[in-house]
Amino acid sequence: MIIASPKAESNTVFFANIAEAAQAALCARQIASLSGVKIFLCDTTGECEKFFVRISAFLKLENAKTEVKILPHPASPDDPENFEIFCERSGTLNAMKAGGDLLVITTPDAIFSEAPAEIESIKLELGQKISIEELKNKFSNFGYYNEVLCEGPGQFSIRGSLVDVYPIAAQSPYRIDFFGDEIDSIRTFDPDTQLSDGAKENSLNIDSFSKSESTILAYTFLQNKAASWFFLEPLRLSLEYPEIFGVFEKSQDLRENFNAIFEKRIGDNFYGVSSLAEGGEIFKNAKTENFFTEDLQEYRPIANSENIGFERFSAENELRNNFLK
């Protein structure tokens, strides 16, 4: 088996010997300097969630306007979190298709997972002309439920000139106020109190919950737009996902993997970030850059959890022994 690697003409950089505590900060600075869609690959879902928090924080320090999303792997139909995962995937895939300043944190198997070829969506904007009845029919066709109160993703409700909708990929529901057939305002509201928090929006994207029969691989939502790829600990990724990074010369399995991406997307940027000095076969031909970093362990003001109270116990024990003397 041969491990696939980017072509010589691609922009490929490997950041070596980066302490784990500094990886998110380094990546955030690099991401903030790039335009378009960025794909950040971790080995597990847990790592994705951890770096989502870290990179988001460092991007704020960089004053970057990059939108950060997670692309999870599809859940099985009997998984209790199937609906939430589908909602999150739909929003991320549509964002990848739209392009813009976006960071997608995912795993190799998720970026090569199958997804509906078409995820229908609608964009609503201030001043747009559309009747409430037309919008109601659109939401119903999207698979949304018409409820008395809009409290969860995939629901909507209508009260006079107010239309409440909770897009499946949104963090909160939205209240659309109509003046006749014209959208007069769009704002978020609290699903528990049903009160608006005053945050106004100029536009709103609403994704469909309906699934198309045909499927494509998730990474193809990038279409022909240039993208930047970040591989966190590339050597570990290639070892844990050999079927996604490997090139099997005599294999009958014709599924696409990273060899296809490296072959087709020569104009993309590829970055490897590792605490090791080597990037494995993936970055064997990459330009290596070194930054001085160090672990935070020596600077931690709080002792390890197993030592909490030990110093006090030792001090009290010493006083007790001195008293008995």
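The charged end of Arg-175 sits 4.2 Å from the ring centre of Phe-189, over the ring (CZ of Arg or NZ of Lys within 6 Å of the centre and within 35 degrees of the ring normal). Arg-54 lies over the face of Phe-51, 5.9 Å from the ring centre. This is a predicted model: local features need pLDDT of at least 70 and side-chain atom pairs count only at pLDDT 80 or more, while totals for chains, interfaces and linings use all residues. Residues are numbered from 1 along each chain as its sequence is written, and side-chain values use heavy atoms, with hydrogens and water left out.

**Aromatic pairs**
- The whole structure holds 18 aromatic pairs (ring centres of Phe, Tyr or Trp, its six-membered ring, within 6.5 Å; planes under 30 degrees apart are stacked, over 60 edge-to-face, the rest tilted).
- Phe-142 and Tyr-144 make a tilted pair, 6.4 Å centre to centre with 50° between the planes.
- The ring centres of Phe-262 and Phe-270 are 5.2 Å apart and the planes stand at 80°, so this pair is edge-to-face.
- Phe-262 is buried, at 0% relative accessible area (buried means under 20%, with a 1.4 Å probe and protein chains only).

**Nonpolar core**
- The largest nonpolar core has 36 residues (buried Ala, Val, Leu, Ile, Met, Phe, Trp, Tyr and Cys joined through side-chain atoms within 4.5 Å).
- Among the members touching the most others are Trp-229 and Phe-245.

**Helix H5**
- Ile-132, Leu-135 and Phe-139 are the buried residues of H5 (132-141), a DSSP run of H or I with at least four residues, numbered from the N terminus.

Methods:
Buried < 20%, exposed > 50% of the residue type's maximum accessible area, 1.4 Å probe, protein only. Helix = DSSP H or I, 4+ residues; strand = E, 2+ residues; numbered from the N terminus.
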